[in-house]
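Hello,

Here is the structure I promised to pass on to you. Please have it open while you read, and my notes follow below.

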Amino acid sequence: MSEIWVRPGERVDDLQRNGLKIIQNPKAFCFGMDAVLLADFSRVRPRERVADMGTGTGILPLLMSQKEESARFEAFELQPDMADMAARSVRMNGLQERIRIHQGDLRSAHEQIGRESMHAVVCNPPYGKQGGTLTNDLQTQLLARHETDCTIRDIARACASVLRTRGRLSMVFPSQRMLELTDVLRECRLEPKRLRMVCARIDRAPYLLLIEAVKNARPGLLWLPPLIVYNTDGSETEELNRIYHRA
């Protein structure tokens with residue numbers, strides 16, 4: 001008997017990447033543009049092992065699996081229902097040999113995959129600072145959008161623990177917390193090396209940043225041109241269309 005992929009309240013969304021689809025629950029947390037931008041920004045090389053810390057419904061490993069067909073992914077998600085959706089999406093797309101979903105706390109990821117075992121890590125962490133933002137009543141959205149008992153420092157330490165020397169960590173984060181993030185990364189021996197700011201329009205201040213840090217690297221930061229999401233007339237920019245693989 002074939003597996004029933006979608007459960008009550010869920011939907012299947014087309015990712016417009018070689019027929020890829022993802023299962024999501026619109027009443028829970030669904031991925032946004034930031035995840036798509038991070039997948040585009042992150043680099044993955046042949047035969048690399050990549051960890052996703054806080055995968056949600058599995059959007060990052062699904063998208064990044066199309067960038068390098070020989071890469072393998074280990075994705076961690078704390079919430080059982082989200083991890084279950086991610087695992088079903090992986091199987092629905094026939095990627096179970098390349099993507100493994102682990103349900104559990106990302107801070108113990110090293111116990112599952114080994115210390116310093118990954119070539120790269122990607123992470124789209126909660127944006128709301130612990131104790132600094134209004135919380136969401138829906139538990140899945142609360143855990144996905146706000147730091148609860150797991151802070152950005154905890155996340156950086158967990159990423160560093162599974163990264164080998166010269167391994168890369170790629171993250172997306174609010175621009176107003178940039179200094180806090182870079183301080184935490186360097187504290188964990190993750191040296192910021194590539195940085196790109198994301199602006200809604202060319203005449204607006206950045207609201208997101210895309211950053212790549214390298215473990216045990218020397219200081220030296222490359223500033224990339226800003227990524228502009230919308231033209232002044234409100235239409236989407238050519239680069240955004242490229243990222244979304246739209247003609």
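**Ser89 and its surroundings**

The side chain of Ser89 comes within 2.8 Å of the backbone nitrogen of Ile23. Before I go further, please keep in mind that this is a predicted model. Ser89 belongs to helix α3, which covers residues 80-92. With a relative accessible area of 0%, Ser89 is buried. Along the chain, Ser89 and Ile23 are 66 residues apart, yet their C-alpha atoms are separated by 5.7 Å. Which residues does Ser89 contact once its neighbours within four places in sequence are left aside? They are Lys21, Ile22, Ile23, Thr57 and Leu62.

Strand β1 (residues 11-14) pairs with strand β2 (residues 21-24) in the antiparallel sense, over four bridges. Together β1 and β2 form a hairpin, with six residues between them. If you look at the turn, you will find Gln16 with a positive phi of about 55°.

**Salt bridges**

In general, side chains of opposite charge can pair when their charged atoms come close.

Glu74 and Arg100 meet through their side chains in a salt bridge, at 2.9 Å from N to O. This pair links distant parts of the chain, as Glu74 sits in strand β4 (residues 72-77) and Arg100 in strand β5 (residues 99-103), 26 residues apart. Is Glu74 buried or exposed? Its relative accessible area is 7%, so Glu74 counts as buried. Arg100, by contrast, is partly exposed, with a relative accessible area of 42%.

A second salt bridge joins the side chains of Arg88 and Asp84, with an N to O distance of 2.9 Å. Both residues are in helix α3, and because they are four residues apart there, about one helical turn separates them. Arg88 is buried at 1% relative accessible area, while Asp84 is partly exposed at 24%.

Arg186 counts as partly exposed, at 46% relative accessibility. There is also a network in the model: Arg7, Glu10, Asp84 and Arg88 are joined into one by salt bridges that share partners.

**Arg177 in its loop**

Where does Arg177 lie? It is in the loop between β7 (163-174) and α7 (178-187). Its relative accessibility is 8%, so Arg177 counts as buried. The side chain of Arg177 reaches the backbone oxygen of Tyr127, at a distance of 2.8 Å.

**Confidence**

A word on the pLDDT before you start working with the coordinates. The protein chain has an average pLDDT of 92, and 91% of the residues score at least 70. Residues 139-144 have a pLDDT below 50, and this stretch makes 19 contacts in the model beyond near neighbours in sequence. Where pLDDT is low, the predicted coordinates should not be read in detail.

Best wishes

Methods: Residues are numbered from 1 along each chain as its sequence is written. This is a predicted model: local features need pLDDT of at least 70, side-chain atom pairs count only at pLDDT 80 or more; totals for chains, interfaces and linings use all residues. Side-chain values use heavy atoms; hydrogens and water are left out. Helices (H or I, at least four residues) and strands (E, at least two) are DSSP runs, numbered from the N terminus. Buried means under 20% relative accessible area, exposed over 50%, partly exposed in between (1.4 Å probe, protein chains only). A polar contact is a pair of N or O atoms within 3.5 Å; within protein, one must be able to donate a hydrogen and the other to accept it, and residues adjacent in sequence count only if both atoms are side-chain atoms. Contact means heavy atoms within 4.5 Å. pLDDT is the predictor's confidence in each residue, from 0 to 100. Two strands pair if DSSP finds at least two bridges between them. A salt bridge is a side-chain nitrogen of Lys or Arg within 4 Å of a carboxyl oxygen of Asp or Glu.
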